[in-house]
Amino acid sequence: MHSWYTILPKNPWISIYVWIIFCILPFYFIIKSFSFVQINIGVILILLYFLSHRFSFNAKNGLVYMWVSFEMVLNIAMTLMFGYVYLSLFTAFFIGNIRNPVGFYIMYGLHIGFTILSIVAGYFIDLNLFLSQTPFIIITVVGVVLLPFTLYSRNKREKLQGQLETANERIAELIIHEERQRIARDLHDTLGQKLSMIGLKSDLASRLVTKNPEQAIQEIKDIRHTASIALKEVRELVSDMRATKLHEELIRVKEILKAAEIDYEINGDSKELQLPVLVESVLSMCLKEAVTNVVKHSNAKKCTITIEQNHNEVLLTIFDNGKGFNEKLNLIGNGLRGMQERLEFINGTVTFENRKGTEVLISVPLTITHQKGSD
């Protein structure tokens, strides 16, 4: 739950102002009676209600329902004695934050029933007072009926979304783990035997260099032949891996930014880059992670993506005009550590800068991208 005084979670100061207004109004209804005894009783009831509302947020298990029930009793007393029905809205807000379905529906039904019955009784006790407040009473009843269910549904949806995100993250981790296991098995099956053979033949060739040079030369040729076969099999293994093309990822990034109502600008042509499969896949994953952070955390209105290549390196820049980031950047929480680890694998780097927004600069040395051609 939020803080005990919270009504609007995203606007805590407005919540405080609403509390002040609703705390002052009861005294108008109480003092209007001009009875010293009634004024004292009313002040005590208001203080008791505020204490109950405060304690209900710290209570656990059955105590929560006890304090909410006590608030309902105080609502009824304030309604019948002073015609003040509006504290029931605070109780309605609290009931909407109850997570237990059974507890929620029981307290929700009881609160609606007691509120309506006390208002109906109030019309019999002081018809003129309640008639003058009829429009506001109707708004209060609508709030008592709709607010708890709306808040409960929203909290339930947020909980399900959180569980779904956690499940998706876990699935992604399992997929990565399984892919690593598969690659390890393939590499072991592909290279293990041949590397062992190369090691044995190397030892044999070193012993034959002085005793039988011709045989040693033959062993060296066998080593070269075995190494060539191993290299070919590794290339086939890498080519069979599913790669993420950078220009395909850019299409998905555009769709994500468009859905988030963030303007975007793409500079550079990713199709002109001649990149190895591994490098292109890593850049694509880093681009996806960076844009996801822009959508989730930046509050930006525009995102600019620049892809360029010079004589020394390939550069990928993602800039947004959002709120920037804290200097103590959370690499784990924002998924940025994974980005760094991927880039370190291909000798790449990533830097983050605050420039009236956030700039993510990813660079990969050109020598890495040329390995494909030199092989």
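The following conversation concerns a predicted model of a protein chain.

Q: How many helices and strands are in the protein chain?
A: The protein chain has 13 helices and five strands. Please bear in mind that the model is predicted.

Q: And what share of the residues counts as buried?
A: The chain has 375 residues, and 35% of them count as buried. Its accessible surface comes to about 23,000 Å². Carbon and sulfur atoms account for 61% of that surface.

Q: Of the contacts between residues at least 6 apart in sequence, what percentage joins residues at least 24 apart?
A: The figure is 66% for the protein chain.

Q: Let us turn to α2. Which helix does α2 pack with, and at what angle?
A: Helix α2, residues 36-58, packs with helix α4, residues 88-96, at an angle of about 5°. The two axes are 11 Å apart.

Q: Parallel or antiparallel, then?
A: Roughly parallel, because an angle under 35 degrees counts as such, and α2 and α4 therefore fall into that class.

Q: Which residues meet there?
A: From α2, the residues are Tyr49, His53, Ser56 and Phe57. They meet Phe90, Thr91 and Phe94 of α4. By class, this contact of α2 with α4 comprises four nonpolar residues, three polar residues and no charged ones.

Q: Which residues of α2 are buried?
A: Gly42, Leu45, Ile46, Tyr49, Phe50, Ser52, His53, Ser56 and Phe57 are buried in α2. Tyr49, His53, Ser56 and Phe57, named above for meeting α4, are among these buried residues.

Q: What span should α2 have at 1.5 Å a residue?
A: The 23 residues of α2 should span 33 Å, and the end C-alpha atoms are 34 Å apart, so the two values agree.

Q: What about Arg54, how accessible is that one?
A: Arg54, also found in α2, is partly exposed with a relative accessible area of 29%. In space, Arg54 and Trp67 are 9.3 Å apart, C-alpha to C-alpha, with a separation of 13 residues in sequence.

Q: And how accessible is Ile39?
A: Ile39 lies in α2 and counts as partly exposed at 24% relative accessibility. The buried class requires a value under 20%. Ile39 and Phe82 are 43 residues apart in sequence, and their C-alpha atoms are 9.8 Å apart.

Q: Changing topic: how far does α10 reach?
A: Helix α10 covers residues 277-298, which is 22 residues. From first C-alpha to last, α10 reaches 31 Å, close to the 32 Å expected at 1.5 Å a residue.

Q: Which residue just after α10 takes a positive phi?
A: That is Asn299, with a phi of about 55°. The value is positive in a residue other than glycine. Most residues other than glycine have a negative phi.

Q: Where is Asn299 placed, and is Asn299 buried or exposed?
A: Asn299 is in the loop between α10 and β2, the latter being residues 302-309. Asn299 counts as exposed because its relative accessibility is 60%, and the exposed class begins over 50%.

Q: How accessible is Leu361, and how far is its C-alpha from that of Phe319?
A: Leu361 is partly exposed, with a relative accessible area of 31%. The C-alpha atoms of Leu361 and Phe319 are separated by 8.5 Å, although these residues are 42 residues apart along the chain.

Technical notes:
Residues are numbered from 1 along each chain as its sequence is written. This is a predicted model: local features need pLDDT of at least 70, side-chain atom pairs count only at pLDDT 80 or more; totals for chains, interfaces and linings use all residues. Side-chain values use heavy atoms; hydrogens and water are left out. Helices (H or I, at least four residues) and strands (E, at least two) are DSSP runs, numbered from the N terminus. Buried means under 20% relative accessible area, exposed over 50%, partly exposed in between (1.4 Å probe, protein chains only). Contact means heavy atoms within 4.5 Å. Accessible areas come from the Shrake-Rupley method with a 1.4 Å probe; for residues, only the protein chains shown count as cover. The expected span of a helix is 1.5 Å times one less than its number of residues. Axes are lines fitted to C-alpha atoms, for helices over the stretch in contact, and angles run from 0 to 180 degrees between N-to-C directions. Angles under 35 degrees count as roughly parallel, over 145 as roughly antiparallel, 65 to 115 as roughly perpendicular and the rest as oblique. Ala, Val, Leu, Ile, Met, Phe, Trp, Tyr, Cys and Pro count as nonpolar, Asp, Glu, Lys and Arg as charged, and the others, Gly among them, as polar.
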